[in-house]
Amino acid sequence: MQVTLSIRTFRLICLAAMLTPGLSLSPCAAAQSDPGWTLEATQVDPASYAGITLANGMIGILSAPQPFRTTQTLLAGAYASRGPGEVHKILTSFSFLDLDLHVDGVQVDQLTEVRNFRQALDMRRAVFTTSFDYADKLDVRYTLRALRQMPHTAMVEVTLSARKAVAISARSRLEPSQMIEQVERLESDLPLDHASPVRRKFFAARGTAVGGKLEVAAAQTIAFDAAPGAAPEVRRGPDGLRFNRTLDAGTSFRFAIVGSTISSAQSSDVLNAARRLTLAALLQGPDELVAGHERAWADLWKSDIVIEGDDAAQRDVRSMLYHLYSFAREGSGYSIAPMGLSRDGYNGHIFWDAELWMFPPLLVLRPELAREMLDYRFARLEAAERNARAFGYRGALFPWESIETGEEDTPLEALSGILQHHISADVGIAAWNYYRVTRDRAWLRERGFPLIRATADFWASRVTRTGPGRYDIRGVMGADEFAVRVDNNAFTNGAAIANLEAATKAAKVLGVAPDPGWEEVRRNIPILRFPDGVTREHASYDGEVIKQADVNLLAFPLGLVSDPAAVRRDLDYYASRISPHGPAMTRSILAILYQRLGMAAEALAMYRQGYVPNQHPPFGVLTETARSANPYFATGAGGNLQTMLFGFGGLDITDRGIVQRSSTLPPGWRSLTMTGVGPEKRSYSVR
């Protein structure tokens with residue numbers, strides 16, 4: 001039986017969405033072209049292709065330039081290594097949504113065989129669509145979703161519209177990545193319901209991640225837009241499922257591959273879990289899965305940044321928000337790696353990138369997602385305390401590169417794993433800021449204060465008393481990673497000061513007596529300066545090129561330098577000394593400072609310099625630097641979103657919560673509106 005794509009189903013979804021209380025965006029509205037919500041490629045060069053990531057905070061699927069292919073599937077919270085002493089890497093799981101499509105016996109797998117090849121991401125609905133014409137026979141359209149409401153499940157929907165009578169053969173693929181060994185493939189028949197004789201085939205695979213510590217599994221099935229008895233017969237293929245179909249000219253056929261993947265980091269029986277999740281998705285059906293996915297994303301987009309007067313800036317900001325939302329998940333207990341779930345860059349480890357760069361915009365727009373990043377640290381507090389003791393300190397020393405155990409996993413050749421101790425202050429400051437925004441005293445008592453207290457205790461033991469009223473912090477690497485093993489680094493000292501101050505304030509909020517040593521040390525940690533008043537980056541700094549912002553972080557986000565003249569002195573001095581090949585987020589900080597000094601045009605120019613050269617074709621995804629090839633750089637997105645919120649938007653996180661200071665817009669912008677801000681979901685505008 002040949003069926004047409006169900007317009008009635010689409011209209012029912014639209015109607016249900018419009019009638020749902022509080023739902024501001026419907027699939028009908030999203031279907032209309034809107035450049036502020038769409039990233040589109042009409043010309044694709046496989047040799048120069050940085051793909052789009054479809055993610056839901058648990059799985060991340062990277063698009064490919066070839067028809068019916070994905071590049072990889074990453075699993076959050078799962079790491080594997082090839083042996084003792086080897087660095088752990090985030091797990092690349094099975095690819096379970098790929099497809100081989102044959103038309104009249106010829107496989108469709110090369111761009112040279114198709115016309116009008118187009119790929120587009122609808123960021124509002126978090127759906128990636130590929131469409132093309134195959135010869136003069138077939139119009140093809142397929143959509144990929146990492147289902148937001150089902151963290152381990154994803155779906156690809158395929159619609160084939162015949163121009164001529166054709167014979168179709170489709171074969172799903174379920175293939176392990178190079179990180180999975182000892183693969184066992186299994187087929188099963190499961191009933192759609194107890195009363196029906198119709199059974200549906202499932203294909204599953206289970207394997208062991210390299211190193212032998214993790215199991216991982218995936219399962220898939222095929223759903224049809226047809227009555228169960230009229231659906232094609234599905235059989236097992238060598239690496240998946242297959243079916244055949246003939247289409248008459250002028251008819252369409254629709255089907256979907258639904259699948260799930262999970263590791264033993266999340267389940268004790270991975271094969272059972274993958275199959276059950278896939279069966280549950282099949283029983284819901286593609287239309288309900290799409291509707292649930294779009295409801296979840298519509299809720300996320302209630303927290304948005306809306307720019308009037310600059311369409312390119314609007315699209316780019318939405319892309320940054322889309323990726324941060326995609327990489328975070330409420331209830332997961334996971335944080336965000338520098339590349340999110342797009343790539344295994346930096347091995348998928350958790351750095352200061354999480355607390356200093358990605359956490360603040362999520363804290364302002366989606367506090368429930370920001371909390372997961374702190375819950376990740378709280379769950380690993382004991383490991384951080386063991387790490388501090390191993391170095392001879394008190395309190396908690398969080399690892400520079402954290403894996404699922406909370407242990408240090410920085411490659412040994414990188415001294416940052418031994419010297420970048422400011423990570424602990426970054427965690428403590430983030431915990432205090434979460435309380436300042438949410439005023440959640442119960443959370444502060446149970447989780448926040450233990451983090452703040454333990455990191456403050458670390459600094460009280462980390463300093464070296466060098467004389468009356470003087471506590472130095474020696475032998476560190478600060479934010480500027482060109483300066484290795486220096487004394488009294490500006491950012492490290494400033495972050496320690498802010499961490500110790502937060503501990504005293506948090507103790508007073510809870511009615512707990514603060515450790516008097518915190519205040520004693522805080523008041524006597526030096527911030528060094530040159531004779532002309534410019535802040536000196538560290539004790540031996542003498543004007544050399546720096547990798548990224550360090551001193552300027554004292555003004556924002558630490559707030560330790562507030563006098564405009566002092567801010568300007570440091571800004572003028574260090575802006576000219578930043579390496580042109582440093583990471584993207586530096587210029588987002590400089591843009592905030594220019595904006596707060598009333599220099600809106602300079603702020604916009606600096607903001608654009610921080611990311612426009614780093615956009616890669618065909619979708620403009622961000623890399624860490626203009627010369628690197630490691631998209632998507634979620635850290636840079638976090639920094640640029642901070643420019644929008646805390647620079648142009650005028651927002652600030654204070655002891656009184658989120659406040660808005662006076663701000664002016666860049667030339668050409670008519671308005672900037674931030675919606676769904678904070679726990680109260682307020683809106684703020686600059687016009």
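Trainee: In β17, which residue is the bridge partner of R171?

Mentor: R171 has R242 as its bridge partner in β17. Strands pair when DSSP finds at least two bridges between them; strands (E, at least two residues) and helices (H or I, at least four) are DSSP runs, numbered from the N terminus. Here strand β12 (residues 166-175) and strand β17 (residues 241-247) are joined by six bridges in the antiparallel sense. The model is predicted, with local features requiring pLDDT of at least 70, side-chain atom pairs counted only at pLDDT 80 or more, and totals for chains, interfaces and linings using all residues. Residues are numbered from 1 along each chain as its sequence is written, and side-chain values use heavy atoms, without hydrogens and water.

Trainee: In which order do the five strands of the open sheet lie?

Mentor: The order is β7-β6-β12-β17-β16, with antiparallel pairing. The edges are β7 (106-107) and β16 (235-236), each with a single partner strand, so one side of each has no neighbour in the sheet.

Trainee: How is β6 joined to β12, and is β6 mostly covered or uncovered?

Mentor: Seven bridges link the antiparallel strands β6 and β12, and D98 stands opposite R173 in β12. Burial is read from relative accessible area: buried is under 20%, exposed over 50%, and partly exposed in between (1.4 Å probe, protein chains only). β6 (residues 95-103) is mostly covered, with nine of its nine residues buried. On its pairing with β7, β6 has two bridges, again in the antiparallel sense, and V103 has V106 as its bridge partner in β7. The hairpin of β6 and β7 has two residues between the strands, and D104 there takes a positive phi near 50 degrees.

Trainee: What is the order of the open sheet of four strands?

Mentor: That sheet runs β2-β3-β4-β5 with antiparallel pairing. Since β2 (53-55) and β5 (89-92) stand at the edges with a single partner strand each, one side of each is left without a neighbour in the sheet. Within the sheet, β3 (residues 59-63) and β4 (residues 70-80) pair over five antiparallel bridges, and the bridge partner of G60 in β4 is L74.

Trainee: At what angle do the axes of α7 and α11 cross?

Mentor: Two packed helices are described by the angle and the distance between their axes. Axes are lines fitted to C-alpha atoms, for helices over the stretch in contact, and angles run from 0 to 180 degrees between N-to-C directions. The axes of α7 (residues 367-379) and α11 (residues 441-462) cross at roughly 65 degrees and come within 10 Å. Contact means heavy atoms within 4.5 Å; here R371, L374, D375, R377 and F378 of α7 meet W443, E446, R447, P450 and L451 of α11.

Trainee: Which residues touch the most other members of the largest nonpolar core?

Mentor: A nonpolar core is a set of buried Ala, Val, Leu, Ile, Met, Phe, Trp, Tyr and Cys residues joined through side-chain atoms within 4.5 Å. Of its 208 residues, L138, F255, I305 and W352 touch the most other members. Helix α12 (residues 490-509) supplies the largest share, eleven residues. Not counting residues up to four places away in sequence, I305 touches residues including Q314, V317, L365, L641 and M674.

Trainee: Where is the place of V545?

Mentor: V545 lies in the loop between α13 (516-523) and α14 (564-575). Leaving aside neighbours within four places in sequence, V545 is in contact with F482, R577, I578 and S579. The C-alpha atoms of V545 and A483 are separated by 9.7 Å, although these residues are 62 residues apart along the chain.
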